[in-house]
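This report covers a pocket and a helix. The sequence and the structure are shown first.

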Amino acid sequence: MYELAKKALRLAEKAGAEEAEIYYAANHSTGVNFRKDALENAKDRFSEGIGIRAIVNGAVGFASTNSAAQIESAVEVAVAEARVRESDPDWVSLPSNEKYPTVSGIFDKKVETLELEACIDYALGLVEGTKEIPGTLPTSGGFTRAKGKQLILNTNGIEIEEESTAVSGFVDVITVNGQTSTAYDFGISRSLDIDFFALGKNAAELALRSNGGIKAEPQKTDVIFHPFAFADIIEEALAPSLDADNVQKGRSGLIDKVGEKLAVPELSIYDDGLIEAGIETSASDDEGVPSQRTTLIEKGVLETYLYDSYTAGKAGLKSTGNGSRSSYTNPPSVGLRNFIIDYPQSDVIADTQSGVFVNTVIGAHTANSISGDFSVEARNAFTIKDGALDKPIKSLMISGNAFELLKQITGAGFDVRKVGGIITPSIRVSDMSVIG
């Protein structure tokens, strides 16, 4: 494939591209799913292809293919598209070759060589964990093993190749003792260090504990968001406003806010493509820019936005290494790496006299990413009384504003979780509006 990518690069230059980039990606995943307590299916998926960016007179063309026989045609399409497009006055150039950092923990040979039978055993571990808690039944879940390879070449000297692995598991559980409540748990890692039995057991315990919920009175109170809940709100209501593309297009609530105090002084937020074993860790971003640690908010003050090469060139700045692609079929755009919420940690529930604890939320995707306003339904919520979880809450809506939320954080737990590319502990926020 390296030779094929080099060939595509030569073809692009020969066809008249002033700059060209070849992005190759191959992914192989094995997924085992169950329904109730029986295996439902096992699927092996493989994808492989090349994306080509060609630049002619400041205009960018793009094409992709998953066929080696169609490489030449795809290159021709990319160059032809660049020729018919108008020159982009904001285009600067593709990134150039630089020294790449060493990253660790993103590839596990044991994951790469995992056989189907072992994948089935891990999936069944989730089921067996739920059986430790009588009165519950797993409704669905599964285990996935994935391995990937990517190669980036461009006419400015970039040549970088990398392999990675990942495993994940999830389980949904329902109670079957007359009162119905549900819960789920989820884990993801670069290696086989997840206790899938414990995930199943945790979900079952939470479902059972959520039975017999009470009605909550409308009030303003302290709310502690589990990492699952907080990550959803941050990803949908805050992160889009840190995207330089949104800032430049007027779609951000943080335009012209660099240097301003946005949050409590104890809070810092980082985007870090270098942390060991991070789900979004790699030596470079998806256009070959070396990964780095970017301080977004330091001690409550907004320091910068997230940039890929295009948005950085447009702003006269250097990329923060946040060029991201969902697939070889897409050109890069700004994306999160490992988005880290940093706040002094404590036994946050024990430190809370009264309030509400929320495990998960539904509806975060409806948040207004420009204004930061959100309204979500809380799931597996509990009242907090005298530093301990007390009674389950039957139904609860929570509304607020992501930008105001940053100014109302008063605590963080020890329970840091990787929720995809967001890494956060439980977070306590004061004066939140809750409605039963």
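## Largest pocket

The largest pocket has a lining of 37 residues, and those nearest its centre are Asn27, Gln150, Ser164, Ile279 and Glu280. A pocket is an open set of points on a 1 Å grid over the protein atoms alone where a 1.4 Å probe fits, with protein on both sides within 12 Å along at least five of seven lines, and lining residues have an atom within 4 Å of a point. The model is predicted: local features need pLDDT of at least 70 and side-chain atom pairs count only at pLDDT 80 or more, while totals for chains, interfaces and linings use all residues. Residues are numbered from 1 along each chain as its sequence is written, and side-chain values use heavy atoms, with hydrogens and water left out.

The volume of the largest pocket is about 930 Å³. Strand S1 gives the most to its lining, 6 residues.

| Class of lining residue | Number |
|---|---|
| nonpolar | 11 residues |
| polar | 15 residues |

## Helix H1

Helix H1 covers residues 2-14; helices are DSSP runs (H or I, at least four residues) and strands are runs of E of at least two. Leu4, Ala5, Ala8, Leu9, Leu11 and Ala12 are the buried residues of H1, buried being under 20% relative accessible area and exposed over 50% (1.4 Å probe, protein chains only). They span an arc of only 160° around the axis, so they are on the same side of H1. Glu3 and Lys14, on the other side of H1, are exposed. Gly16, which follows H1, has a positive phi near 110°.

Definitions and conventions
The expected span of a helix is 1.5 Å times one less than its number of residues. The arc is that of the directions from the helix axis to the C-beta atoms. Grid points are joined across faces, edges and corners, and a volume is the space filled by probe spheres set on the points. Ala, Val, Leu, Ile, Met, Phe, Trp, Tyr, Cys and Pro count as nonpolar, Asp, Glu, Lys and Arg as charged, and the others, Gly among them, as polar.
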